[in-house]
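The following paragraphs go through a single chain, from local features to totals. Please keep the sequence and the model in view while reading.

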Amino acid sequence: MRLLLPKPDIVGAAVSMLCVIHCAITPLLFLSHAAAMSQGISKPIWWSNLDYLFIIISFFLYIMLLKIQIEKS
């Protein structure tokens, strides 16, 4: 079975790096969110959805890597 991504490890590493950046910036977002809430401004919806995006991408990459390991054995 031919997978869509020839090197899912590279995509997985890229997603992990994006996740690290997201997690590093999140405390700053919490601080800015607290300041914004005091002025009546809410946080952007897309920031909350990034968590779900990382989880979904990681899940599919895990499935693809699992299929590769099964085919090799």
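Phe59 counts as partly exposed because its relative accessibility is 47%; buried means under 20% relative accessible area, exposed over 50%, and partly exposed in between, with a 1.4 Å probe and protein chains only. The model is predicted, so local features need pLDDT of at least 70 and side-chain atom pairs count only at pLDDT 80 or more, while totals for chains, interfaces and linings use all residues. Residues are numbered from 1 along each chain as its sequence is written, and side-chain values use heavy atoms, with hydrogens and water left out.

A search of the whole structure gives one aromatic pair. Phe59 and Phe60 form this pair, which is edge-to-face, at 5.6 Å centre to centre and 70° between the planes. Rings of Phe, Tyr and Trp (its six-membered ring) pair if their centres lie within 6.5 Å; planes under 30 degrees apart count as stacked, over 60 as edge-to-face and the rest as tilted.

The chain has two helices and zero strands, taken as DSSP runs (H or I, at least four residues, for helices; E, at least two, for strands) numbered from the N terminus. Helix α1 covers residues 8-38 and contains Leu18. Leu18 counts as partly exposed because its relative accessibility is 48%. Asp9 is also found in helix α1, and Asp9 counts as exposed because its relative accessibility is 53%. Between Asp9 and Tyr62 there are 53 residues in sequence and 9.5 Å in space, C-alpha to C-alpha.

For the chain as a whole, 15% of the 73 residues count as buried.
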